[in-house]
Amino acid sequence: MAAITETRETIDRLAESGYQYGFETAIDMDFAPKGLNEDIVRLISAKKQEPEWLLEWRLKAYRAWLTMADPAWARIMHPRIDYQDLHYYAAPRAPAPKSLDEVDPALLEMYEKLGIPLNERASLAGVAVDAVFDSVSVATTFRDSLAQVGVIFCSISEAVREHPELVRKYLGSVVPAGDNYYAALNSAVFSDGSFVYIPKGVRCPMELSTYFRINARNTGQFERTLIIAEAGASVSYLEGCTAPMRDENQLHAAVVELVAHDEASIKYSTVQNWYPGDADGKGGIYNFVTKRGACRGAKSKISWTQVETGSAITWKYPSCILQGEGSSGSFYSVALTNHRQQADTGTKMIHLAPNTTSTIVSKGISAGHSNNTYRGLVRIMPKARNARNFTQCDSLLIGDQCGAHTVPYIECRNQSAKVEHEATTSKIADDQLFYCRSRGLSEEDSVGLLVNGFCREVLKELPMEFAVEAQKLLAVSLEGSVG
Amino acid sequence: MLEIKNLTASIEDKTILNGIDLVVPDGEIHAIMGPNGAGKSTLSYVLSGREGYEVTGGSVLFNGQDLLAMEPEARAAAGVFLAFQYPIELPGVGNANFIRTAVNAVRKARGEAEMDTVAFLKEARAAIKRLSMPEDMLKRNVNVGFSGGEKKRNEILQMALLQPSLALLDETDSGLDIDALRIVADGVNAARGPNFSALVITHYQRLLDHIVPDRVHVLAGGRIVRSGGPDLALELEAHGYAGLEAA
């Protein structure tokens, strides 16, 4: 029952109104000087006591980044980002805690306030949490119980020290250091993130979750997550994100890499609620993220589920590379934009092997003056005999000042493939709204209910505790969009 | 008690209601009959607060409150319920969740404690049994894929659970076979009591065989042109509406 009470309390907080996570925590911080150059890259690497090979890898990425330009093809608009005006490293000054007991009480209190108790007794039952605060991981819960079945769940910095062979083997193997502008930047300066390793045949006994928090001012967050599932292993992983309310924009450029071997399955869920900026579009997070999973083994599975309600700008395309015969990828997405938010999000499904399947279900909701674009690629390569894809893109418009756009790319190089694409655009009908109101629901609650109905197919993919939270989040994010 | 005085209303500058006077005391069921285009549905929409209908004159008091000044949800909280002629589909919204959310919204507005899921499901299942409805009705999405009869029965289920003090039944009998008609009528009769009144809008006498009204009114040309006891419905069935408008 504790877990349910906890969730209910979290929801009560969520439901109160507006952006609930806008507070700032006063913690003595250690900053790298503003700006980006090779010395900063070396400084980050030295702070983390990294081996030489990793420093070289970072420097290579940095040099590649210098030769690249930021992508201009997405349907987003923002002023040029001054990359020399940011801090690339910010960490609490106190030495890294060795156990939960040593974590700064101010930090524990902050996570408590966010509804993420790090005290294992108070935690959501069956969920292990890695908490990342600005540039570093501050705590990971339930490590011992996970270790008993051989599951490694720790911060990526720690993985570099404790499991260098695994990190070296897989880091950059799905998203190469020079993959794109933001991925190259991340590879050069990534500070922390989560590392998960599920050994052969192990079904991870609990949900794994990482909670990202940007706190410091003028700081970019560049986390890096790496999840490896060996043959026959399975894991469900969830990330959540929040940031204080600030007038200036903040940059978040993460990279997530997933590797699934034979018959392994990885389910990766995101509830993204970075600060979206105010009603006039002032402030908010620029969320430029590269997420990609490789289905390396036969019959492996990777599933991305995302609920994107936050950020001033969202630019992300969680993708699957279907290399193993009979492997399958799926992408379930809800992207909600309100006020002046911009989202350009979707997926790439690259079918390389025979009998591979992919499913894409995208639900875009636009309100206010926002712009919401689905951009997706389905590519069937010559060797992918009998590949199948099903894509469904639905857009819902609230009001008449917003935009919804669907940009599907389909490339098919094998005659035996079957590719289906369905798309709809709708508005919340006046009669639906009146029907709900005539039953006693307020206008906002009615819209929330109808939007949740619209998103049902995606929300049911989320772990249950988080599905409830996501539903409330959708309703809260729509506040002020009707009437 | 519902008191309608000299109510006039229009849609897009076209006058539909032309001075309605009607009083429905607590505990009574009144039937409104009349030809197509007489303003029957408009009356139910104006009373429940649908947008697009402009009230151009007159007043409506419900238990002393100015009904026309209230938002639709406030009218629901005050005890008004509209059973739609064409119930609306809500894709992805579970019926049980929808009704429970509505029940709790209304309870909250009345200052009553909200019902938890377990208590609600218990009541909902009992109501379903009473109304001889299939149990899976709660699990399906609101009206999605329902047959015409199922949609109407779902309206009656909602009425049973929301426990209104004034029900507006807008041609709830249209498109129903005789068994469904009886179920709907049973639902209304079960709600009968000193604190329940209803306006039953219908084309046909046959519903009034099952729901015996206290009064029958004939609406034509946006006005009530005749009122009488239950016998009036039989007379109309025999002679039609012809000539009533002039009366």
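Author: Chain A contains 12 helices and 23 strands. The model is a predicted one. Of the 483 residues in chain A, 62% count as buried. Among the contacts in chain A with a separation of 6 or more, 84% are made by residues 24 or more positions apart.

Now to the pair of helices. Helix α9 of chain A covers residues 430–438, and helix α10 of chain A covers residues 443–454. The two pack with their axes 9 Å apart, at an angle of about 120°. An angle over 145 degrees would count as roughly antiparallel, and one from 65 to 115 as roughly perpendicular. The angle between α9(A) and α10(A) is about 120°, so the two helices are oblique to each other. Their crossing is right-handed.

The contact can also be read residue by residue. On the side of α9(A), the residues involved are Gln432(A), Leu433(A), Cys436(A) and Arg437(A). They meet Glu443(A), Ser446(A), Val447(A), Leu449(A) and Leu450(A), which lie in α10(A). By type, the residues of this contact divide into five nonpolar, two polar and two charged. Cys counts as nonpolar here, along with Leu and Val, while Arg and Glu count as charged.

Key. Residues numbered from 1 in each chain as written. Chains lettered and ligands numbered in written order. Predicted model: local features only at pLDDT ≥ 70, side-chain atom pairs only at ≥ 80, totals over all residues. Heavy atoms only, no water. Axes fitted to C-alpha atoms, helices over the stretch in contact; angles between N-to-C directions. Helix = DSSP H or I, 4+ residues; strand = E, 2+ residues; numbered from the N terminus. Parallel < 35°, antiparallel > 145°, perpendicular 65-115°, else oblique. Left-handed = near helix turned anticlockwise from the far one by under 90°. Contact = heavy atoms within 4.5 Å. Buried < 20%, exposed > 50% of the residue type's maximum accessible area, 1.4 Å probe, protein only.
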